[in-house]
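Welcome! Here is a short tour of some side-chain contacts, starting with charged pairs and ending with aromatic rings.

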Amino acid sequence: MNTAKKAPVGQASIPTQNPATGSSISFSADHLANQFLIAMPGMVDPNFSGSVIYLFEHTERGAMGLVVNRPTEVDLATLFDKIELKLEIAPLLDQPVYFGGPVQIERGFVLHEPSSEVLYSSSLAVPGGLTMTTSKDVLEAVAAGNGPGKFLMTLGYAGWSAGQLEEEIALNGWINVPLSQQQMIDIIFDTPSSLRYERTMGHLGFDPSHLSGEAGHA
């Protein structure tokens, strides 16, 4: 697979302004957005081999998503300390930070349950799906104990330029998996990271061991 290229952030979505809070939220549900991508056995790029990606944006300009099954050795306690936030909620201290993809690996992305009541200053809400927030206020809310009930923190994201993802899918590098919002929440937040690939594939009725390793070379 070619190294994932940076998709133009924000250009492929439609920003709307919330008059009450001034929060800028982008909505996009084009094409394969709000679906999982599963790396096929032929995926040789180490960044994506064996990965499950939640795709939150896909338009004619490109695509963006987050790898949701690659925990790193960094935990939330360490990350919050680096950004000078004090996290004292015991169940969260050891929660891992995930590798979200090879683009902008110094930048944090928080994938979380949607909420119509709590808005953050920079979020992308996928209709019928999840919300991705990049502003620090979501982490401040987590530290204060009133953040999203279920969330996954990543560093970096996966990005594709115009037509790149379509080409990789055509070459059998990826298979897309459309699921309900609740099924996605169950996989991302309630399933151990080591089982998310198998669980996602299971919704298609496939046994990953039966897929050909020669299928693709995206």
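In this predicted model, the side chains of Glu-88 and Lys-86 come together in a salt bridge, with 3.2 Å from N to O. Glu-88 and Lys-86 are both exposed.

This pair belongs to a set of three salt bridges in the structure. Here they are side by side:

| Salt bridge | Closest N and O atoms |
|---|---|
| Glu-60 and Arg-61 | 3.8 Å |
| Lys-150 and Asp-190 | 2.9 Å |

Let us look at the salt bridge between Lys-150 and Asp-190. It links distant parts of the chain, 40 residues apart: Lys-150 sits in the loop between helix H3 (137–144) and E11, while Asp-190 belongs to helix H5 (residues 181–190). Lys-150 is partly exposed, at 27% relative accessible area, and Asp-190 is also partly exposed, at 43%.

In the salt bridge of Glu-60 with Arg-61, Glu-60 is exposed, with a relative accessible area of 59%. Arg-61, at 40%, is partly exposed.

Now for the rings. How many aromatic pairs does the structure hold? There are five. One of them joins Trp-160 and Trp-174: the ring centres lie 6.0 Å apart and the planes meet at 85 degrees, so the pair is edge-to-face. This pair, too, links distant parts of the chain, with Trp-160 in strand E11 (residues 151–161) and Trp-174 in strand E12 (residues 174–177), 14 residues apart.

Are Trp-160 and Trp-174 buried or exposed? Both are buried. Together with Phe-48, Trp-160 and Trp-174 make up one aromatic cluster.

Technical notes:
Residues are numbered from 1 along each chain as its sequence is written. This is a predicted model: local features need pLDDT of at least 70, side-chain atom pairs count only at pLDDT 80 or more; totals for chains, interfaces and linings use all residues. Side-chain values use heavy atoms; hydrogens and water are left out. Rings of Phe, Tyr and Trp (its six-membered ring) pair if their centres lie within 6.5 Å; planes under 30 degrees apart count as stacked, over 60 as edge-to-face and the rest as tilted. Helices (H or I, at least four residues) and strands (E, at least two) are DSSP runs, numbered from the N terminus. Buried means under 20% relative accessible area, exposed over 50%, partly exposed in between (1.4 Å probe, protein chains only). A salt bridge is a side-chain nitrogen of Lys or Arg within 4 Å of a carboxyl oxygen of Asp or Glu.
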